[in-house]
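Colleague: I would like to learn how to read a model with two chains, beginning with the place where they touch. Could you take me through it step by step?

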Amino acid sequence: MATEALRRTPLYEEHKVLGARIVDFAGWEMPVQYEGIKAEHETVRNRAGLFDVSHMGEVVFKGRQAEEAVQRLVTRDVSRLAVGQAGYAAVCYENGGTVDDVLVYRTPDDFLIVVNASNREKDFAHFQENVKDLDVEVVDESDDWALLALQGPRAVELLQPFTQTDLSSIKYYRYEVGEVDGAYAVISRTGYTGEDGFELFVRPDDAPRIWRKLIEAGAGPVGLGARDTLRLEAGMCLYGNELDAETTPLEAGIGFAVHLDKEQEFVGQQALRSEQEEGLRKKLVGFKVEGRGIARHDYPIAVGGETVGSVTSGTLSPTLGEAIGLALVAPGVEDEFEVVIRNRTVAARTVPLPFYKREKK
Amino acid sequence: MSIPEELQYTKTHEWVRHEDDVVTIGITEHAQDELGDVVFIELPEIGTSFASGDSFGTVESVKAVSDLYTPVDGEVVEVNEALNDAPEKINEDSYGEGWIVRLRVSGEGDLLSAEEYEKLLEESE
């Protein structure tokens, strides 16, 4: 991996112009911050922020048995997805461990699955391997799309002047195909921040112009640093932290995206059913640190000196001003435990998720 | 990036100001810029002794945890308590109000001049 050249999105030059700090993220040169993580976080919570998430992957399923293929690959029952609708789902191994967490879009003829950048190659191989017997074409269209996310309470008013599509009529987790600044765009009312907003799938050649216009119109550029604090406040999972091959979607608390009763069996369904019946081996909890300190990924969780789990994500919440985190713990662990922060134990208390919920209009 | 002439520096991006047998230690402007928004600091107890190269505390930004190292041997005589409530002072004024700790020196360690530190930064670019 180290010898492979890092990849750049079509917006790389825009990030440089805006003074972004660029880091290697899953083999991509991506902006981690521009102005600063706290300021960018607040931009999204209070106004509108613009993210480049073009490194994410887009895999299209075409053909007579596209629906069967997707049904087999993801935990959600996609037969219940209408055309124009998107659904969050997990992709599992036979043993129930998680390959990735994804968004599934149903289009008039096909399905689109949006996958994490860090899992692109692995997912594509997993998809192909598991649908070989079906009449379906699995196409990696990742390089044909740039993906921009415009997120925040002012997203609608900021984007509306650039499109004929009536944005306020697009419901949450729905999308419309239209134009943004005269260019073809899939306008999806989805996001990873806990705010209202849109994800815009556009052609790579159009992306820099659209990016510049949205920035000129008042959107603040937001890097991956604030993307992480925003999603954590919203209680959303990050693959590699809350989810991995050793963790099932039930354990990671995304059972709402797992339809164990779905008629067509998905990879991992039997394992997840057994786990549901026999009880979870571990569970995801949200917590606040009550003493001084910030919990971080991989810090141990202890009760009475005994390790009962570990922190999956932790930060100082910019919105709440408190140290928050997610942890995978043994099923019996209840309200109180300690986080081991560099050989020091600090009290923590579980809290309901999400940590932050926007006020609905 | 500002690198005041009158201070000395470490390879781990702390700055040091000598006043008689007491040194004040902080982190450099470069270090705070690399860290980003500082949100938490762990300070040592007054009276604790450290040998040069020891970690005497940590500074945390939104994203990262970074150890603080003393370049001299000495005993903690003062800590910047104000940082507990306002760790952002490290970002805002890293060579002034963002100072971290004062040690009474009992043994000198390896220190860089401003010029040497500037060279170190250039080489690491």
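Colleague: How many residue pairs are in polar contact across the interface of chain B and chain A?

Modeller: A polar contact is a pair of N or O atoms within 3.5 Å. In this predicted model, the rule finds 14 such residue pairs across the interface of chain B and chain A, counting those in which both residues have pLDDT 80 or more. On the side of chain B that touches chain A, the elements giving two or more residues are α1 (29–35), β4 (38–42) and β6 (55–61) of chain B, and the largest share, four residues, comes from β4(B).

Colleague: What is the count of salt bridges between chain B and chain A?

Modeller: For a salt bridge one looks for a side-chain nitrogen of Lys or Arg within 4 Å of a carboxyl oxygen of Asp or Glu. The count between chain B and chain A is six, and among them is the one that A:R344 forms with B:E42, where the closest N and O atoms are 2.6 Å apart.

Colleague: How many residues of each chain are in contact, and what area is buried between chain B and chain A?

Modeller: There are 16 residues of chain B in contact with 18 residues of chain A. The area buried between the two chains is about 1,500 Å², and carbon and sulfur atoms give 46% of that area. Of the area that chain B buries against chain A, 39% is supplied by B:F40, B:V62 and B:K63, which is more than any other three residues supply.

Colleague: Which strands form the open sheet in chain B, and in what order?

Modeller: Strands of a sheet pair through backbone hydrogen bonds, either parallel or antiparallel. In chain B, three strands form an open sheet in the order β4-β6-β7, with antiparallel pairing. Its edge strands are β4 and β7 (65–69) of chain B, each of which pairs on one side only, and the twist averages 25 degrees from one strand to the next. Four bridges join β4(B) to β6(B), and B:I41 stands opposite B:V59 in β6(B).

Colleague: Which strands make up the closed barrel in chain A?

Modeller: In chain A, six strands run β14-β17-β16-β15-β18-β19 as a closed barrel with antiparallel pairing, and here the twist averages 45 degrees from one strand to the next. Strand β14 (residues 283–289) and strand β19 (residues 344–351) of chain A pair in the antiparallel sense over four bridges, and A:G286 stands opposite A:V351 in β19(A).

How values were computed. Residues are numbered from 1 along each chain as its sequence is written. Chains are lettered from A and ligands numbered from 1 in the order in which they are written. This is a predicted model: local features need pLDDT of at least 70, side-chain atom pairs count only at pLDDT 80 or more; totals for chains, interfaces and linings use all residues. Side-chain values use heavy atoms; hydrogens and water are left out. Two strands pair if DSSP finds at least two bridges between them. Axes are lines fitted to C-alpha atoms, for helices over the stretch in contact, and angles run from 0 to 180 degrees between N-to-C directions. Contact means heavy atoms within 4.5 Å. Buried area is the accessible area (1.4 Å probe) that two parts lose on being put together, summed over both. A polar contact is a pair of N or O atoms within 3.5 Å; within protein, one must be able to donate a hydrogen and the other to accept it, and residues adjacent in sequence count only if both atoms are side-chain atoms.
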